[in-house]
Amino acid sequence: MAPAQELPPETEAGRTRVTVVGSGNWGSVAAKLIASNTLRLPSFHDEVRMWVFEEILPSGEKLTDVINSTNENVKYLPGIKLGHNVVAIPDLENAVKDANMLVFVTPHQFVEGICKRLVGKVKEGVEAISLIKGMEVKMEGPCMISSLISEQLGINCCVLMGANIANEIAVEKFSEATVGYRENREIAEKWVTLFSTPYFMVSPVQDVEGVELCGTLKNVVAIAAGFVDGLEMGNNTKAAIMRIGLREMKAFSKLLFPSVKDTTFFESCGVADLITTCLGGRNRKVAEAFAKNGGKRSFDELEAEMLQGQKLQGVSTARELYEVLSHRGWLELFPLFATVHEICTGHLPPSAIVEYSEHKPNFSLAQGSAQYY
Ligand SMILES: NC(=O)c1ccc[n+]([C@@H]2O[C@H](COP(=O)([O-])OP(=O)(O)OC[C@H]3O[C@@H](n4cnc5c(N)ncnc54)[C@H](O)[C@@H]3O)[C@@H](O)[C@H]2O)c1
Ligand SMILES: O=P(O)(O)OC[C@H](O)CO
């Protein structure tokens, strides 16, 4: 497809342009979903730009060249056509400069660097959405990725989270997702329109922090579920870990943001994502291998070997969470979260996942926290 700037000006008028910042496994599927909709919705420009962190493939070719010539992300989503209107762009500034809607979908550890490069480079009034499951920990405390994007770029940022294993959505198996928004329902509806397809059902919820924390924290519970699988502890144990994990997700979210709604945990971003991720996600899979190896091979080594460039979010989120819990004196309130980090870092054996999480938190340690359980 012709690059956007070559289109006659009259075809441009009033149409919303979308750029996807990120092109991993989920980033590529997000681009595919969006591209199928921009083609059919007259209010959107057909072309979807996708920023690609450039890399050279074993064939010696550039990943962007291969995506643009084959219409496939051969490294992160092989075998799936993205849509002829998806254009891979290696230059970040060029990818975002004309966009009215920006979709952020990179592993969370890269977002801050990306945002720094984007300061002053995005269009005025641009709307953003984050599909990123993770958080940053700053001196002043935890910072959700949507806030980081919002604050660094001075733009509004919604979130989209859900029970969304990318490879399943890539082959158009039915699933649901949740858009979290702050105040502007109209913008949330626009995101819902942009993402919804007959096989991808999206619902808006006015609880950006609740939706984003669900997506972020479930990755830590998935690591715990992987340990249980690696130790062959069975379904009941795994269900117990998921229940305790959900309880800690809710308690932590509400301690951090009292505005978080109970009902959010019953949306796709809550219990449904927790279930799918503990059954079929990458965090679970690598944690299973870690436990099978008795913790003797590091997560970094296993991630590189098992995921071929895809990135885990659960191990770093567990570390970030641990920092927040230690700093606020909440470690004993969240035994599952704390134990996951201690196992990941080799301070406890994988079997500690049940030895520790079976203890109920000591409510007296944090005044008023019992009401959240
Ligand atoms: N894959 C899924 O099923 C899925 C589903 C829902 C949400 N998510 C979330 O989406 C986010 C993105 O995950 P993904 O699956 O699209 O990615 P991924 O893990 O498949 O791929 C890693 C990506 O990081 C890029 N990268 C590597 N080094 C980089 C650098 N220095 N700077 C910038 N980018 C770099 C790679 O090019 C690649 O695009 C994560 O927060 C993840 O939790 C993933
Ligand atoms: O494969 P994971 O563990 O990164 O999880 C993928 C998605 O977040 C599931 O919704």
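Helix axes are lines fitted to C-alpha atoms over the stretch in contact, and the angles between them run from 0 to 180 degrees between N-to-C directions. The model described here is predicted. The domain assignment divides the chain into domain 1 (4–206) and domain 2 (210–372).

**The two domains**

- The C-alpha centres of domain 1 and domain 2 are 27 Å apart.
- Where the domains meet, 26 residues of domain 1 are in contact with 27 residues of domain 2.
- On the side of domain 1 that touches domain 2, at least two residues are supplied by each of strand E6 (135–138), strand E7 (141–144), strand E8 (156–161), strand E9 (175–180) and strand E10 (200–205).
- Strand E9 gives the largest share of that side of domain 1, with four residues.
- By class, the side of domain 1 that touches domain 2 has 12 nonpolar, 11 polar and three charged residues.

**The surroundings of ligand 1**

- Ligand 1 is surrounded by 24 residues, and the closest are Gly24, Asn25, Trp26, Phe53 and Ala166.
- Helix H2 (residues 25–40) provides the largest share of this shell, three residues.
- The shell around ligand 1 consists of 10 nonpolar, 12 polar and two charged residues.
- Both domains take part, as domain 1 (4–206) and domain 2 (210–372) each give at least three residues to the shell around ligand 1.

**Helix H9 with helix H10**

- The axes of H9 and helix H10 (residues 235–256) come within 9 Å and cross at roughly 150°.
- Angles over 145 degrees count as roughly antiparallel, and H9 and H10 are therefore roughly antiparallel to each other.
- The crossing in which H9 passes H10 is right-handed.
- The H9 side of this contact is formed by Glu209, Gly210, Leu213, Cys214, Leu217, Lys218, Val221, Ala224, Ala225, Val228 and Asp229.
- These residues meet Thr237, Lys238, Ile241, Met242, Gly245, Met249, Phe252 and Ser253 in H10.
- By class, the contact of H9 with H10 comprises 11 nonpolar, four polar and four charged residues.

**Helix H9 with helix H11**

- The axes of H9 and H11 come within 9 Å, crossing at roughly 30°.
- Angles under 35 degrees count as roughly parallel, so H9 and H11 are roughly parallel to each other.
- H9 and H11 have a right-handed crossing.
- From H9, the contact involves Val211, Cys214, Gly215, Lys218, Asn219, Val221, Ala222 and Ala225.
- From H11, the contact with H9 involves Cys269, Gly270, Asp273, Leu274, Thr277 and Cys278.
- The residues of the contact between H9 and H11 fall into eight nonpolar, four polar and two charged.

**Helix H14 with helix H15**

- The axes of helix H14 (residues 314–328) and helix H15 (residues 335–344) come within 9 Å and cross at roughly 120°.
- That angle makes H14 oblique to H15.
- H14 passes H15 in a crossing that is left-handed.
- On the H14 side, the contact is made by Val315, Ala318, Arg319, Leu321, Tyr322 and Leu325.
- On the H15 side, the contact is made by Phe337, Ala338, Val340, His341 and Cys344.
- The class division of the contact of H14 with H15 is nine nonpolar, one polar and one charged.

Methods: Residues numbered from 1 in each chain as written. Chains lettered and ligands numbered in written order. Predicted model: local features only at pLDDT ≥ 70, side-chain atom pairs only at ≥ 80, totals over all residues. Near = placed C-beta within 6 Å. Nonpolar A, V, L, I, M, F, W, Y, C, P; charged D, E, K, R; others polar. Domains from an automatic or database assignment. Parallel < 35°, antiparallel > 145°, perpendicular 65-115°, else oblique. Left-handed = near helix turned anticlockwise from the far one by under 90°. Contact = placed C-beta atoms within 7 Å.
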